[in-house]
Protein chains: 2
Amino acid sequence: MPPTTGPGVLRQEDPRLTERLAQSARAVDGVATGAEEFAKWFADRCASQSQDVTPIPFRSMRNWTFASGTGNLVHDSGRFFTVAGLDVRVDRGPVREWSQPIILQQEIGLLGIAVREIDGVLHLLMQAKTEPGNPNGVQLSPTVQATKSNYTGVHRGRGVPYIEHFRDAEPHRVVADVLQSEHGAWFYRKRNRNMVIEVGPEVEAGEDFCWLTLGQVQEQLRIDHRVNMDARTVLSCLPGAEPAGGVHTGTELLNWITTHQAMPDVETEVVGLAGLPGWRRTEDAVSHESGAFFSVRAVDVVANSREVSGWSQPLIEPHGLGVVSLVVKRFDGVLHALLRARIEPGYIDAIELAPTVQGTPENYAGLPDEERQPFADVERHLAQDTVLFDAEMSEEGGRFYHSRSRYTIVEVGADYPDQEPPGFRWVTVPQLSWLLQHRHYLNVQARSLVACLRAVAG
Amino acid sequence: MPPTTGPGVLRQEDPRLTERLAQSARAVDGVATGAEEFAKWFADRCASQSQDVTPIPFRSMRNWTFASGTGNLVHDSGRFFTVAGLDVRVDRGPVREWSQPIILQQEIGLLGIAVREIDGVLHLLMQAKTEPGNPNGVQLSPTVQATKSNYTGVHRGRGVPYIEHFRDAEPHRVVADVLQSEHGAWFYRKRNRNMVIEVGPEVEAGEDFCWLTLGQVQEQLRIDHRVNMDARTVLSCLPGAEPAGGVHTGTELLNWITTHQAMPDVETEVVGLAGLPGWRRTEDAVSHESGAFFSVRAVDVVANSREVSGWSQPLIEPHGLGVVSLVVKRFDGVLHALLRARIEPGYIDAIELAPTVQGTPENYAGLPDEERQPFADVERHLAQDTVLFDAEMSEEGGRFYHSRSRYTIVEVGADYPDQEPPGFRWVTVPQLSWLLQHRHYLNVQARSLVACLRAVAG
């Protein structure tokens, strides 16, 4: 839309948008799609998207090999992703030097949700989609999950339904558009574009798609392994209310964030997967000699709902059940979440903001007591305090095999210390929405919990 | 300051801050330091900081050598910076593949200005500082320019005056704190922390320092090579008015920025300086065979105002006079600047927002007409339109030798097209201030021009 110099050309953010989203969040019983209809649709999708996923030895993979020299796990085409090695040195924390496998995937993926007004209420176009690493098959996914070659290459996204609405979005119909990171412990500087686009009545739901209100999607978040990671991160980037008062002002939070971005020395070097200290490769796994952390595995996939009917691929299999927990507390009646500045080697900046507690207790076995205490604290809060949210969720099933974490939000009372430990800050929900307009402030686990926090604190 | 749960704990941004800055900007004649006093102080500093800078052959450098193998130019200690090579491939633009020398400097520098209220008016503590690459010796510089080892290492900043006010800043006295890039054409992913901190009456100006109002500093910006790059970028990060209406909303601008961050393929690989295609090394320069772009040189420095009285070091010498120009236009009376999404190989993201025109005409000699047209357009605007700003300024004199550019701001009339060419957007001054709260939206040339634009549009 070319601007013109006529009067009235100057434009403002649409003030109705947050109210329209709030209205959609209140419509928990659905408008376009009732609860019964949704349940039937989802069950049908689960039946029709059956997929057999079988762990196989590396040598049985089609089109994937360990490259000579580096020993990196690569696709014959050079596309998709590569599993390489990473040497890490940090100047703080209990472990200051280590080596690990890491996923390299330079392409920026697109994760997009289309929204449309139906009967006066905003609806999200959610997709039922299975991924080989999902512990339960089909999950609710964004309208679009595409790699850049999917949507900019010679094919211009043919075969990716709805991609044209994101690729050719009119600026005034964009609700959110921001780059965000994926897991800094497993990916090296991977980023996805998170988009929400409003579309018109001409857009209808195809077979694998369903129009749901924000309230319906938020209800689904409470069900174990129901809403996938890609949907959660896009939901977290939806605009929220303008920040009002908080324990800290926005400028103070940015000062605290910049301090933690600037201060740590985090040195990383991408190296070959072959001979990575502490890691050994067998016929069917690359694993740490301690048995902790994760393994690189191979699977064979036979599916019936994909453009290709079968393939094999590597997946990362995290060991143990992850703990991802957010402590929230009211100050003057206003909810604040306790965020942590967390170093992960794959971040572009030294840190991103993470939930209060994030990790897998087994991985902390050999570390000092104070490193394991947070997991005991989570157990105690879940037993004693107000549990606002508690569900198991999985990470991206296209890269991770049965990656399960228990995501919880606990509201603590006045006896919980106001004073933050070093590296932690109380942040209000509108301040989180404000930060989420911009790239790489919140990590993917924190973004998942922001989506859940909005669901329970709305 | 630990938060407490008592009433009134919730805090807001200080609404008086922008008015206090505006008041300081209006005080162009000075309050603590009159025009005559300032002139005498600056002349004295120029006299006392005399420095002899002599180009020397590489082999005469003390403590710098070309590393065996890579041929990189490195300091014996491994500190300071390294000149290496960079292979670049981009998927758009007139030149899609090239190699060039590049400066590697992983450490995040600190650029800080202390502000203090004197007689009810905010003053900036500016430093008179010479750098070997400055074309004119002493320039007005921030209170502090320090490397991270200066302020976090074992010395805790001993020898860097005022560093403790930035290192130990109380959050509520922070005016601005954000990471920003340096030149993406010459540095690989270099970042500086830009800070503005309010201090109390106990802080006084040392010999090389002077309290100036914002208006006085803005007047100095108009003088050729008077205010250094580090001061300009910190000034640009000062908070501004809240964005009101614009030709584009903030969400639309973020959508446009994210599109340009996500879309281009920019592949870079750091390689050795030795044998870089198209570049040749002689006794005293590494230069491009065309004679264009820049050379890597060596200088010997004899100074009397430094902790060390003499040293030698490499410097980058750009060839030709740079052109850095911003077109501004009023829409409904509101000033908008025409920013360009510009690819440079050293950025962390594919692009940052750059001035309307940025480059050195000589470097475009072999390119198609349309690549050279913008420089002719700048000449035409300077002759025909309202010139709001026009001064020669230099880039960081610690890395660049006599790097001179003509920075201009031209206000165009109604006949100038409203419609933006691909890759350009009209952005209001408050929107620029809003973006400058966050890292890596505006490149260093655009930040310099924002500092100047505020000076002329206030």
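**Reading the interface of chains A and B**

Student: How many residues of chain A and chain B are in contact with each other?

Tutor: In this predicted model, 65 residues of chain A are in contact with 66 residues of chain B.

Student: How much area do chain A and chain B bury between them?

Tutor: Buried area is what two parts lose on being put together, summed over both. Here chain A and chain B bury about 5,500 Å², with 49% of it on carbon and sulfur atoms.

Student: How many salt bridges does the rule find across the interface of chain A and chain B?

Tutor: A salt bridge requires a side-chain nitrogen of Lys or Arg within 4 Å of a carboxyl oxygen of Asp or Glu. The rule finds 8 of them across this interface. B:Asp265 and A:Lys148 meet in a salt bridge through their side chains, at 3.3 Å from N to O. Residue pairs in polar contact across the interface number 36.

Student: Which element supplies the largest share of the side of chain A that touches chain B?

Tutor: Helix 7 of chain A does, with 9 residues. By class, that side of chain A has 26 nonpolar, 23 polar and 16 charged residues.

Student: How many bridges join strand 10 of chain B to strand 11 of chain B?

Tutor: There are 7 bridges, and the two strands run antiparallel. B:Ser181 has B:Arg191, in strand 11 of chain B, as its bridge partner.

How values were computed. Residues numbered from 1 in each chain as written. Chains lettered and ligands numbered in written order. Predicted model: local features only at pLDDT ≥ 70, side-chain atom pairs only at ≥ 80, totals over all residues. Heavy atoms only, no water. Pairing = 2+ DSSP bridges. Helix = DSSP H or I, 4+ residues; strand = E, 2+ residues; numbered from the N terminus. Contact = heavy atoms within 4.5 Å. Buried area = accessible area lost by both parts, 1.4 Å probe. Polar contact = N/O pair within 3.5 Å; in protein donor to acceptor, adjacent residues only side chain to side chain. Nonpolar A, V, L, I, M, F, W, Y, C, P; charged D, E, K, R; others polar.
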